[in-house]
Amino acid sequence: AGHVSPALFDALAAASIGLVGDFNPQNIANTAWAFATVGHASPTLFDLLASASTTLVSDFKPQDLANIAWAFATVDHASPKLFDDYFASRCQAEICAECAQLRQIHQCQIHQWLLWRAEQGLSLLVSPLFAQHCHDTFVMSSTLPSLLQQQVGVVLASLGLSCKHEWTTSLGYTIDIVVEWCGETIGIEVDGPSHFMMRLPNGRTQLKRRQLQGLAGWRLVSIPFWEWDELGNSEQQQQAYLVHVLDGR
């Protein structure tokens, strides 16, 4: 519903700690996915989820495998004992055997998991061909520019800037708008409501920013929808706001 309470998720984590031993694969994957989706890290809980998963990997369905891989990548919680050759081989075999629609969703999650392994300086574990398929699927999942993004682009153009919309990076992520500013290439993310939980970046948004900045060295700036809305229709205020954001002040 777009609302998140850290205290609530702390309480849920505390309550779950004593129950993890009774969790089935879906319970484990769904719990990890829920915490990661709202961007709430709980190291103790994730340690227990990882430990419980190591003996159940053979029972994980494709969705469970993809969700748990994505969740641990999103909260940046390392688990070498869980994410081993066997886990990777299960991901590759099970996801490749899925119907096209589900395979595409799960390959996107695995791509971000593979990027996370690169963040840690670890090997891929999967075959280069499967990794490439995941990358290509991730690239194809990009969306068209939003109306808000187009509005921001118009004002950037009024400042004399050349905007590259939906710029595809080497990691497969697309950046909403890329501009050159004072000799520096800057990625602009025009972030609508789906990027936040109570005006805090959700897990998906945190993961994207972290990987683009950490792995590819991008300088990213965010334009949250509520800040843009507060400017109204004044082009002068919109221009001043964008200059302020680009200058990093």
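Visitor: What should I know before I start?

Guide: Residues are numbered from 1 along each chain as its sequence is written, and side-chain values use heavy atoms, with hydrogens and water left out. The model is predicted, so local features need pLDDT of at least 70 and side-chain atom pairs count only at pLDDT 80 or more, while totals for chains, interfaces and linings use all residues.

Visitor: How many residues does helix α1 have, and how far does α1 reach?

Guide: Start with the term. Helices are DSSP runs of H or I with at least four residues, strands are runs of E with at least two, and both are numbered from the N terminus. The expected span of a helix is 1.5 Å times one less than its number of residues. Helix α1 covers residues 6-17 and has 12 residues. From first C-alpha to last, α1 reaches 16 Å, close to the 16 Å expected.

Visitor: Which residues of α1 are buried?

Guide: Buried means under 20% relative accessible area, exposed means over 50%, and partly exposed lies in between (1.4 Å probe, protein chains only). In α1 the buried residues are F9, A13 and S16. Seen down the axis of α1, they fall within an arc of 70°, so they line one face of the helix. That arc is taken from the directions from the helix axis to the C-beta atoms. The face turned away from the buried side carries the exposed residues A7 and A14.

Visitor: What do the buried residues of α1 pack against?

Guide: Contact means heavy atoms within 4.5 Å. The buried residues of α1 pack against α2 (25-37) and α3 (43-53).

Visitor: Which residues are buried in α3?

Guide: They are L45, F46, L49, A50, A52 and S53. They cover an arc of only 165° around the axis, which puts them on the same side of α3. Their packing partners are α1, α2 and α4.

Visitor: Now a helix pair. At what angle do α4 and α9 cross?

Guide: Axes are lines fitted to C-alpha atoms, for helices over the stretch in contact, and angles run from 0 to 180 degrees between N-to-C directions. Helix α4 (residues 62-75) and helix α9 (residues 203-216) cross at roughly 65°, and their axes come within 9 Å. That makes α4 roughly perpendicular to α9. Here is the scale: under 35 degrees is roughly parallel, over 145 roughly antiparallel, 65 to 115 roughly perpendicular, and the rest oblique. W70, A73 and T74 of α4 make the contact with G203, R204, L207 and R210 of α9.

Visitor: Is that α4 and α9 crossing left-handed or right-handed?

Guide: A crossing is left-handed if the near helix is turned anticlockwise from the far one by less than a right angle, and right-handed if clockwise. The crossing of α4 and α9 is left-handed.

Visitor: At what angle do α6 and α7 pack?

Guide: Helix α6 (residues 100-119) and helix α7 (residues 128-140) pack at about 110°, with axes 8 Å apart. That makes α6 roughly perpendicular to α7. The α6 and α7 crossing is left-handed. Residues of α6 in this contact include Q104, C108 and L114, and those of α7 include F130, C134 and F138.

Visitor: And what angle do α2 and α4 make?

Guide: About 35°, with their axes 8 Å apart. This crossing is left-handed. Among the residues that meet are W33 and A36 in α2, and W70 and A71 in α4.

Visitor: How do I follow one residue, such as L246, through its contacts?

Guide: Find its element, then its partners. L246 lies in helix α11 (residues 235-247). L246 counts as buried, at 2% relative accessibility. Leaving aside neighbours within four places in sequence, L246 is in contact with L156, L161, V179, W181, I186, I188 and R219.

Visitor: Where does R219 lie?

Guide: R219 lies in strand β6 (residues 219-224). R219 is partly exposed, with a relative accessible area of 24%. R219 and I186 are 33 residues apart in sequence, yet 5.4 Å apart in space, C-alpha to C-alpha.
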